[in-house]
Amino acid sequence: MRLYLLALNPTDSVTEGFLPAADRLGLDVTVLTDQPDAHRRTRPDVEVLECDVRDFRAVVSRISAHGGPGAVFTNSDHLQTQAALAAAYFGLPGKDWRATLRCKDKAETRRRLAATGADTVWSAELTAPAPLDAPYPCVLKPREGVASEDVVLVDGPEELTMRAKEILERRPGTTLVVEEYLPGELCTLETLGDGRVRHVLGGFRTELSPLPHFVEERLTFVPAHPEPVVAQVLAQLDALGVGFGACHTEFVVHEGRARIVEVNYRAIGDQCDLLLEQLLGIPLFEHILRTHLGEPLPADPEVRRDRAALLQYPCADRAGTLTDAPNATELTVDGVSLTYRPLRAAGERHELYRTNRDYLGVLRATGTDQDTVDRVAAAFLATLRWEIRA
């Protein structure tokens, strides 16, 4: 059976997660991408076809000409609706394109949640810099953005106008969303469904950079959030029509009330999915692909709940050239498994983005006791050094 996998740039989720899982399932994989050379360098053994994957019509045409679609899949935030439409065109299992659109378009997310009575958040759209009579402080962000890029907290109309002007100069033609700031502890909920059943796999607690920016710097694994919190989040996902395949939902909890911040209708990224598979003790990537092959999920995936873990992302604090950085490392200390991977090569020059593009590396730490995991990870990170020269 042939799996068409839509992708932009190669990611860890694709190269270390979904492609190996497809191999284990015996699938013939064809990658459709607008960056074919990068994918061929990463996996020269996989068929790669150039395609304007942001255009669902081009995707349908490319698949139709090449033939034999058994499944259409993507784990890209930007390509969920295109993959859903292509799957529907060929009569294949997939996500409802209306739900993928509601999740990708943050203004539509708010409208849908309000219209269904699931939650109401003050929200407005901007296509040009302008002061608004908003409930300050409020959050300004691109309507279809990802990775906290150009997401900023603003304190008043003047700052809103200034920040909007800066973002629109960098991203002409972008529509911005202004919405009320939701206080509380930031968490994630990771779910997997086949349209019949939906399993809650756990989640993370997220620690952010200091405001006004929202860079995710550390995630701590939570085997199970409180049931009332999970119920509130699932009700909001139901309102959006989310229930097929993997979904990564960010939400805040304040005084017992859970409110969605955004929904990424795909598996969690930035190596969290690789860690999640390890922690849960299940073939997570294979389960995700099986749903798109039309196979039912097990009634009980038998996930483990006895592990502790964190991911931490050392970030650049200034623009410049990375002249010295630690190498990839794997070791075990006091029963804690540590895996460090660099995300930026020495010699590269970067601006300061205030997004996950500032990540210098990622540390995955796993064990059986969270206090020990935290202690060992902190001690290990204290030994690492990065040098950035302007």
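D45 sits in the loop that runs between α2 (36-42) and β3 (47-50). This is a predicted model, in which local features need pLDDT of at least 70, side-chain atom pairs count only at pLDDT 80 or more, and totals for chains, interfaces and linings use all residues. Residues are numbered from 1 along each chain as its sequence is written, and side-chain values use heavy atoms, with hydrogens and water left out.

With 56% relative accessibility, D45 counts as exposed (over 50% relative accessible area, 1.4 Å probe, protein chains only; buried is under 20%). The side chains of D45 and R43 are joined by a polar contact of 2.8 Å (a pair of N or O atoms within 3.5 Å, where one must be able to donate a hydrogen and the other to accept it; residues adjacent in sequence count only if both atoms are side-chain atoms).

Turning to α6 (residues 106-115), this helix packs with α8 (residues 227-240) at about 105°, the axes being 9 Å apart. That puts α6 roughly perpendicular to α8 (65 to 115 degrees). On the α6 side, T109, R112 and L113 meet Q236, A239 and L240 of α8 (contact means heavy atoms within 4.5 Å).

Buried in α6 are K106, A107, T109, R110 and L113. Looking down the α6 axis, these residues fall within an arc of 160°, so they line one face of the helix (the arc is that of the directions from the helix axis to the C-beta atoms). Their packing partners include α5 (97-104), β5 (123-126) and α8. At the start of α6, a side-chain oxygen of D105 comes within 3.0 Å of the backbone nitrogen of A107. Just after the helix, G117 has a positive phi of about 80°.

Notes:
Axes are lines fitted to C-alpha atoms, for helices over the stretch in contact, and angles run from 0 to 180 degrees between N-to-C directions. Helices (H or I, at least four residues) and strands (E, at least two) are DSSP runs, numbered from the N terminus. Angles under 35 degrees count as roughly parallel, over 145 as roughly antiparallel, 65 to 115 as roughly perpendicular and the rest as oblique.
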